[in-house]
Amino acid sequence: MEDYNKIIESLGVKFIKARNIRILQPITIRNFYDVENTLLILYNGEVSIGDEKIKVEVGDMLFIPGGKHVTVTYGDPTNPKVVSNEEFMTHRESYWEGNHDPKLIGHLPNSFGYVSFEAKVFDSVNFFNSLDVPPFIIKREDHLANTIDQILAEEMTDLAGKGRIIKIKTEEIVIEVVRYILKNHLFVEQLVTNSTYFKDPRLIDIFAYIKENLGGDLSNKVLANVANVSEDYVGQYFKMLTGINPQDYIEYQRMEAAVGLLRTSKKSIRAIGSEVGYKDTAYFCRRFKMMFGIPAGKMRRRESLMNV
């Protein structure tokens, strides 16, 4: 348990968004994907996950780790409209309607709430994704449910200290999710196998260097110098501890940074690609769509629909 306490202490948690949504029509989103973690609570109606349409009961929560492709059905699963992630992001307002009245949270028909957030170890590594935790359902955790409600209500107000309260409550959410996993002995093998590399200082140095130099040279030769291992060994060393090769990890980090820039800046796609290490804009756009299922331009448009 002490190891998990140290990991939790090292976590950097960042609130991204919170919304209360009414489902306008039943849809199944194939290969839904986001870089952030999402915790959804079902207030009324139906939500299910996977091709098997595993049902989320009213009052239960669905946790979707960032970086995981998943099929999600919102509304009656018997005959939903099946859409791609790109179609959903492009026409989001056709399927969802946002509620902006805190008094209506939990009282609308066919509705759910969700909070999206980052959780990174040493401000570098996506915690839940790195542990290979799959999407899962959280059964009847009243404290966690109340915390989501409080975040949603704060997000709909303009009171003093709103940002600070949301930050504290989002950190509570992350801790409660970790506690739920440990209390219910979920994903034991993944946790034992994948949490060990958080203790390796050389690997943490590599993570930190990659984060600070996304636009620069991140070849295995450079990473080998950072970790003080041989160039021939660094790829094997990285994959042995993380389960992926360093260049795949680097691409994910670059694309995650690109998503952040698309959401928070007005920089051109060419400039964003260059900033995260892609000198060829066309190649950057191809890789972006391959990873997220939508073009970079539509990811930016998606952000204009966040207040739906």
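Residues are numbered from 1 along each chain as its sequence is written. Because the model is predicted, local features require a pLDDT of at least 70 and side-chain atom pairs a pLDDT of 80 or more, whereas totals for chains, interfaces and linings use all residues, and side-chain values rest on heavy atoms, with hydrogens and water left out.

Asp-34 is found in the loop that runs between β2 (27-32) and β3 (37-44), strands being DSSP runs of E with at least two residues and helices runs of H or I with at least four, numbered from the N terminus. With a relative accessible area of 4%, Asp-34 is buried (under 20% relative accessible area, with a 1.4 Å probe and protein chains only). Its side chain makes a polar contact with the side chain of Arg-263 at 2.9 Å, a polar contact being a pair of N or O atoms within 3.5 Å, of which, within protein, one must be able to donate a hydrogen and the other to accept it, and residues adjacent in sequence count only if both atoms are side-chain atoms.

The structure holds 22 aromatic pairs, where rings of Phe, Tyr and Trp (its six-membered ring) pair if their centres lie within 6.5 Å, and planes under 30 degrees apart count as stacked, over 60 as edge-to-face and the rest as tilted. The rings of Phe-88 and Tyr-95 are stacked, because their planes stand at 25 degrees, with the centres 6.3 Å apart; Phe-88 is buried at 1% relative accessibility, and Tyr-95 is buried at 2%. The pair of Phe-207 and Tyr-249, by contrast, is tilted, with centres 5.1 Å apart and planes at 45 degrees. Since Phe-207 lies in helix α8 (residues 201-212) and Tyr-249 in helix α11 (residues 246-264), this pair ties together parts that are 42 residues apart in sequence. Phe-207 is buried at 2% relative accessible area, and Tyr-249 is buried at 7%.

Helix α8 also packs with helix α10 (residues 231-242), at an angle of about 100 degrees and with the axes 11 Å apart, the axes being lines fitted to C-alpha atoms over the stretch in contact and the angles running from 0 to 180 degrees between N-to-C directions. The two helices are therefore roughly perpendicular to each other (65 to 115 degrees). In this packing, Arg-202, Leu-203, Ile-206 and Phe-207 of α8 meet Val-234, Tyr-237, Phe-238, Leu-241 and Thr-242 of α10, contact meaning heavy atoms within 4.5 Å.

Conventions:
Buried means under 20% relative accessible area, exposed over 50%, partly exposed in between (1.4 Å probe, protein chains only). Angles under 35 degrees count as roughly parallel, over 145 as roughly antiparallel, 65 to 115 as roughly perpendicular and the rest as oblique.
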